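Dear colleague,

Please find below the structure that I am handing over to you. My notes on it follow, arranged by topic.

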Amino acid sequence: MKPIMKLMAAATLGLSALTSTAIAEDYPDKTITWIAPFSAGGGADRWSRTLSSVAFDVMDQAMRVRNIPGASATVGWGEMLKQPADGYTVMLSSPTPIIALVTEPNAPFGPDEAKIVAFISAFRGIILVKPETEWSDWDSFVAYAKANPGKISLGSTFSEMVGAQLAFDSEGIDVNLIPYDSTSDSVTDFLGGHVDAIGVTESTALNMVPEEALALINVTTLPLSEEVAAKLGNPPHAAALGYETINFPRWVGVHPDTSDEIVEKLSAHVGAMLEQESVQTITGKMGEEIIFVPWQEAQPQYEALVAGIRKAAPAITGK
Amino acid sequence: MSIDYDALMLAFSMVFQVETILWMMAGIAVGVGVGAMPGLQSSTAVALMLPLTFNMPAATALGLLIGLYKGSVYGGSISAISFATPGAPESAATVADGHALMRQGKGKKALHMALYSSVTADFLSDVLTILMAPALALLALKFGPSERSWVLILAITLIGALSGRKLSKGMFSAALGLYIGTMGSDPIGMVPRNTFNLWWLRDGIPLPPLVIGIFAMSMVYQELLRPEVVGSTKQKLADVGALLKSKSEGLKLHEFLRCWKEIGIGLGVGSFVGLLPGLGATVGAFLSYAVAKQASPHKGFGEGALEGVAAAEAGNNATVGPTLVPLIAFGIPGSATAALIGGALVMQGATPSPRMFTLFPEIIYSLFIILLIGNIANLFIGRFFAGIYARLGEVPRRYLIPLIGLMAVMGTYSYQQNPYHVIIMLGMGLIGLAFRMFRIPEAPLVIAFMIAPLAEQNLRKAHLISREDWFTTLFNSPLSIGLAVACALSLYVSIRFQIASRVRAEKDD
């Protein structure tokens, strides 16, 4: 490259960096569109509206919530990608669209097409079995599954199944996986004795243990709180056993080309919103736990989540 | 289940507060309005009002949400009868007879029949829920994927009854419904099927755009093809004058009592369907209608029979109470609306679980009392709305048709604010138009569309659980075998019914 060209390239880069820093300094100077890619009334929608109620107090700008559901939450994601990478279109999502994008051979974009702003909450995956079974703990479950490959059936939704399958892979056991659309359907079939085990979130597990079920293991990276662990009979933690694990977060993302400065600022704003008393009260009433992970830590965790889903998907979908 | 009288008294004092009763009535009034708007469903109404309950006492919150639920399930029938536009998918089975009555000038009768049969079946199914919730919940648990597959196959065998005299047309309609039902990701492997490489079809075709397109938009297209729809200004003014003076006749007691059999069928079928997860009010309504039609083929179902309105409306409202059974007994919501009501209970610190009867008996009793008195409030508020809508439904076609078109588009869009759904609805309207032109029945399409994915899902789950052994998949319990026999019997009766109606038709000719 000629010296004059190098100079021009350096000047362009420098100018764009300066412009981006200047833009980030003013950010946000207008209303932010916050996409909830699920229908009104669901968890993502309630979180979005709760955060939007304090947005103006935190960043002097309002947040407009738009529900754009469809195609397993990927329609809303696609809408975000159509907007400029300026941090004014933000999405709050869950593992659902990642699963859809990983399992779909002709997906319109990949699960890496988002820059992670923060995780705001997460749920744990717990495997439950009936109290009267012969596998009353994880070790006996593993021993039985090794002696009888494919004989134990486990029903759950896709997210919890990913965590369970990673734990089964770590132990090299073969469990018959039965996919369900909703946790309530899998719980019904479990209580009716039609499946041997289920994968559920901790809140569902708390409703069922100890009368209806025993907690075998927490298959997620996040440990249980001491109080919850005690109520569930202190099940082992897959991460502590050295298994490969993932988290199931509620994540906030923006267009992948958004500058780091804007993402950093937005991440700090989201963290500040979560600290507002009204947000803590409402989420507490919703039965949700605030678990804030800022952007630098959330991005690698998100990538691990995508990798975990990619690894477990073939065993679950049979593809 | 022994009654905790202290908790019962406490529940009475919690429910019979002015605040609770007023919020319940407000819930019913809003629910009827929401239900009458196509695309807006009971779950949408409950979801939107849920944040209001965060700071309410438990009974008041339940009053508002149950009121909304009951009001919106009845409200769906108002626009089905008045405008042939089902306010919610569960009212689609009411369109044929309800709107035919409206066109005969008997709209008020149809609306009253819908209300009375809804309230009667709802009340009796609530009593059933209260008396037998734990026992019913245990019964529901016996139905695993294999048994549920047979129940769904049983429903498919009733498609013959929905086909009228032309079985071949009914089968064509069902086949098309089956095909549309397979669009989207397959329920187990998540492999996209029949999506024409359109990404937005990954979730398949949702029920509201399909139902609105098939029943309402098709009528708009059909009327637009007739030049006489557009009239002069003078004519329009005369029409409005006539409308204001018109007074249609309400339902008589003997007409209501005449439909006891259809309401009974609706109560039985709806309660059973409501108990099983995933089926819901739409299946309840269509199945009840099909069974009632099969039981009384001579009553002119589909041509403006009050019995048809009674069977469909009793069938969908009878699912309301039993849908809450799994929530009360196990903490498992049986439907989207039940899940939202469960969410409201969590907010009140009463997390639904198998221990609810022990831990929060006063809340369970409050729920029971509200379920019952909600029906009485629904009756009075519903009657008020019925009077208004009966007149609106008699608006001359030239005004009504653009209004229906507008409601269809707005209602479809408001369902999930997804513009693709409007495209689907307009496309379904063209299919519905072809059905009208060639006199193909719509009901088999809707029922096959709904049941096929559920049947596939359950059958494939049963197949996976039995480790791909077909015999165990199909006959894994005495209940499965009993249901298989019931399917064979239903098929036999259906064929006999078809042969008998053909012979009768030939004699008439």
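**The interface between the chains**

Chain A and chain B bury about 3700 Å² between them, and 57% of that area lies on carbon and sulfur atoms; buried area is the accessible area (1.4 Å probe) that two parts lose on being put together, summed over both. On the side of chain A, H194(A), N207(A) and K285(A) lose the most area to chain B, together 17% of what that side buries.

Please note that this is a predicted model, in which local features need pLDDT of at least 70 and side-chain atom pairs count only at pLDDT 80 or more, while totals for chains, interfaces and linings use all residues. Residues are numbered from 1 along each chain as its sequence is written, chains are lettered from A and ligands numbered from 1 in the order in which they are written, and side-chain values use heavy atoms, with hydrogens and water left out.

In terms of contact (heavy atoms within 4.5 Å), 48 residues of chain A meet 41 residues of chain B. There is 1 salt bridge between the two chains, a salt bridge being a side-chain nitrogen of Lys or Arg within 4 Å of a carboxyl oxygen of Asp or Glu. R148(B) and D189(A) form a salt bridge, with their closest N and O atoms 3.0 Å apart. Chain A and chain B also have 4 residue pairs in polar contact, both residues being at pLDDT 80 or more. A polar contact is a pair of N or O atoms within 3.5 Å; within protein, one must be able to donate a hydrogen and the other to accept it, and residues adjacent in sequence count only if both atoms are side-chain atoms.

The elements of chain A that give two or more residues to the side touching chain B are α4 (95-103), β7 (176-179), α7 (183-191), α8 (202-208) and α11 (277-285). Helices (H or I, at least four residues) and strands (E, at least two) are DSSP runs, numbered from the N terminus. Of these elements, α7(A) gives the most, with 6 residues. By class, that side of chain A has 22 nonpolar, 16 polar and 10 charged residues; Ala, Val, Leu, Ile, Met, Phe, Trp, Tyr, Cys and Pro count as nonpolar, Asp, Glu, Lys and Arg as charged, and the others, Gly among them, as polar.

**The sheet of chain A**

In chain A, 6 strands form an open sheet of mixed pairing, in the order β2-β1-β3-β10-β4-β11. Two strands pair if DSSP finds at least two bridges between them. β2 (63-67) and β11 (293-294) of chain A stand at the edges with a single partner strand each, so one side of each has no neighbour in the sheet.

Strand β3 (residues 89-93) of chain A has 5 of its 5 residues buried and is therefore largely enclosed by the rest of the structure. Buried means under 20% relative accessible area, exposed over 50%, and partly exposed in between (1.4 Å probe, protein chains only). T89(A), M91(A) and S93(A) point one way from β3(A), and V90(A) and L92(A) the other way. β3(A) pairs with β1 (residues 32-36) of chain A in the parallel sense over 3 bridges, and I35(A) stands opposite M91(A). With β10(A), β3(A) pairs in the antiparallel sense over 3 bridges, and L92(A) stands opposite V252(A).

L92(A) is also among the contacts of S48(A), beyond neighbours within four places in sequence, as are W34(A), A36(A), M63(A) and V65(A). S48(A) lies in helix α2 (residues 43-59) of chain A and is buried, at 0% relative accessibility.

**Salt bridges within the chains**

The structure holds 18 salt bridges over all chains. E79(A) forms one with R66(A), the closest N and O atoms being 4.0 Å apart, and K82(A) forms one with E79(A) at 3.7 Å. E79(A) is buried at 19% relative accessibility, R66(A) is partly exposed at 32%, and K82(A) is exposed at 63%. In chain B, E223(B) and R103(B) meet in a salt bridge (3.9 Å, N to O).

**Chain B**

Chain B has 25 helices and 2 strands, and 61% of its 509 residues count as buried.

Yours sincerely
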